[in-house]
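I opened my notebook to look up a few things in this structure. Here is what I noted, entry by entry.

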Amino acid sequence: MQDIAILQARLDELLRIAKSNERKQDNFQQYELALLNSASLEQLFSIILDQHKERFQLTEVTLLLYDPEYELQRLIQAKVVKQRWPNRLIFTESAHLVSQYFSPQQKPRLVNFSPHQHAFLFPDHDQLGSVALLPLIRQNELIGSLNLGSRNPRRFENNIGTQFLEHLAAVVSACIENARLHEHIKLVGLRDPLTGINNRRFFDQRLLEEVSRANRFDTDLSCLFIDLDHFKRVNDLYGHQAGDAVLKQVSDLLNDRLRNSDVLARYGGEEFVILLSHTASKEACEIGEQIRKRVHATHFSIPNGKRITVTLSIGLATMTKDGIIQNEKQLIAAADQAVYAAKLSGRNTLMQAP
């Protein structure tokens, strides 16, 4: 009878372990599906840095990414709130800084936490017990490190669960690369290739969103339609390369003046357009005047070494709760008519739609 009881106890323990492993496997499969189904870099980083920590009961999760050309940072800059993951989403332009944590075989490392060795990877935690450092590899190149930390010194011990962690690292690596390519394709399709700012397609999408938001919350929405004066003369006198150089520098000046909530786009040729959300006509007029004066005062460098000046004509239209402008077509048309009036009045001025 005693032997039967011992066997039964062993069987119960094996069943308990099997059920526990099944739950862990199911948990990981759900996590893996979430990674694979992520639609953007922002969502992917949220899954890795937020959900992973909670789902697997870790003290800390950080992500170190090798980004020598600042591509990833540019891709997420417009969409991810700055400092959303302070000291957890870490970028570096140094390949050595990433590779120093791994052997030439680039396998996961499960070690006791060292405040000296791992401070860069876990800047907000100096009391961890053990860590797992997972190399992220794409096309045989090390692109970063997924770093898991636990206060439990026995949570990550050498040679325990490394096959599972290698699989996790491979999935995360593939998802980051796929999301990067997806974001890059979207960005190329919505950016003006010459100036690097938003193009008209992007602007048209945002215009619909901003008009809808303004109507929903009864807020003012202003639009500045900007046209460079006598721009054809620049191309005729100095060549199209000079014209391109001026357009790039003007777009930089416009971009520098704007708030994060504003939308700047190249509308076509020498035309630019700016959407100012939650902005009444008086404030929009002040912003437009600041832009006009700044451009007028700037000497633009062109390829032949000369520096030239250009001016802007600006048309302003504002959609208000009780105004005559009620939709996106009327807003653009009113701003376009206003810039035409500015041209007729002598250029280098701002005119406001009635």
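I started with a polar contact (a pair of N or O atoms within 3.5 Å; within protein, one must be able to donate a hydrogen and the other to accept it, and residues adjacent in sequence count only if both atoms are side-chain atoms): the backbone nitrogen of Leu41 lies 3.1 Å from a polar side-chain atom of Glu183. Glu183 belongs to helix α6, residues 162-190. I found Glu183 buried, at a relative accessible area of 4% (buried means under 20%, with a 1.4 Å probe and protein chains only).

A note on what I am reading: this is a predicted model, where local features need pLDDT of at least 70, side-chain atom pairs count only at pLDDT 80 or more, and totals for chains, interfaces and linings use all residues. Residues are numbered from 1 along each chain as its sequence is written, and side-chain values use heavy atoms, leaving out hydrogens and water.

Next I looked up the sheet. Helices (H or I, at least four residues) and strands (E, at least two) are DSSP runs, numbered from the N terminus, and two strands pair if DSSP finds at least two bridges between them. I read an open sheet of five strands in the order β7-β8-β6-β11-β12, with mixed pairing. β7 (263-268) and β12 (350-352) stand at the edges with a single partner strand each, so one side of each has no neighbour in the sheet.

Asp227 has Ser313 of β11 as its bridge partner.

Technical notes:
Buried < 20%, exposed > 50% of the residue type's maximum accessible area, 1.4 Å probe, protein only.
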